[in-house]
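Thanks for coming. I will take a few minutes to walk through one structure, starting with a helix and ending with some aromatic rings.

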Amino acid sequence: MSKNKGRFITVEGGEGAGKSTNLELIKELLEAAGHPVLFTREPGGTPLGEEIRTLLLGHRDDGMAAETELLLMFGARAEHLNRKIIPALNAGTWVLCDRFTDATYAYQGGGRGIAPERIQILEQWVQHDLRPDLTLLLDLPVEVGLERAGRRSAPDRFESEASQFFQNVRARYLDIAKKESTRVKVVDASMPLPQVQSQIKTVVGAFLSSCR
Ligand code: TMP
């Protein structure tokens, strides 16, 4: 990516991994280094994308086909990329996104069982060659994450899945991290918060140095 363009950073993780608190820290670290930051999320990030999010996360008596779920994720993503992420990056703004396409490989691929080759076709079609420059994967054992998440509000359609679904999601995330170890950095999110944050500072610090 050329020097005057912004960088695209994504944060991924299972339920209860502490994404919100840690996204806040990452945003502060980037801003402290002098970069303007657009903070956004998927599914969502635009008015239409947020409407699609409501459809995706809401409970439905008649359920939703896995393919429909996949296409809605990429529908929201196309809107997000074209109307928000790409214009921001072109203007030199750094984009910090709460989840992106790795979540599709993990949830729709690992969780729902859709073949990665099919997801790849949509990724290429919607994103062309745009991929995150850095991804932080907040990883922790499923049971620990579900315990933490359970203390919060009523579960959405994904949070209501069985433990095996999340085991498959986690395995797929770790698989991606192994295959793409330059882009995806694994943070052990099972540790107490100060230790998690110190790992994040190290990863973000190294990335910032590599951008100079
Ligand atoms: P969040 O609650 O962490 O913001 O994410 C919303 C849910 O959407 C979460 O359970 C993961 C799921 N999701 C997918 O299944 N596929 C995707 O591509 C994305 C971005 C999120």
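A word on terms before I begin: helices here are DSSP runs of H or I with at least four residues, numbered from the N terminus. Please also keep in mind that this is a predicted model.

I start with H3, which covers 66-90.

The largest nonpolar core has 34 residues, and Phe8, Ile85, Tyr107 and Tyr173 have the most contacts inside it. At least two residues each come from H2, H3, S3, H4, H5 and H7. H3 gives the largest share, 8 residues.

Take Phe8 from that list. Leaving aside residues up to four places away in sequence, Phe8 touches Ile85 and Leu89, and also Val95, Cys97 and Phe100, among others. Apart from this core there is another one, of 23 residues, with Ile9, Leu23, Val37 and Ile200 among them.

Now the rings. Across the whole structure, a search finds 6 aromatic pairs. One of them is Tyr107 with Tyr173, edge-to-face, at 6.3 Å centre to centre and 80° between the planes. Tyr107 sits in H4 and Tyr173 in H7, so this pair ties together parts that are 66 residues apart in sequence. Are these two buried or exposed? Tyr107 has a relative accessible area of 6% and is buried; Tyr173, at 4%, counts as buried too.

Phe165 and Phe166 form another edge-to-face pair, 5.3 Å centre to centre with 85° between the planes. Phe165 is buried at 7% relative accessible area, and Phe166 is buried at 4%. Ring pairs join Tyr107, Phe158, Phe165, Phe166 and Tyr173 into a cluster.

Last, two arginines. Arg157 lies over the face of Phe158, 5.2 Å from the ring centre.

Definitions and conventions
Residues numbered from 1 in each chain as written. Predicted model: local features only at pLDDT ≥ 70, side-chain atom pairs only at ≥ 80, totals over all residues. Heavy atoms only, no water. Core = buried A, V, L, I, M, F, W, Y, C linked by side-chain atoms within 4.5 Å. Buried < 20%, exposed > 50% of the residue type's maximum accessible area, 1.4 Å probe, protein only. Contact = heavy atoms within 4.5 Å. Phe/Tyr/Trp six-rings, centres within 6.5 Å; stacked < 30°, edge-to-face > 60°. Lys NZ or Arg CZ within 6 Å of the ring centre and 35° of its normal.
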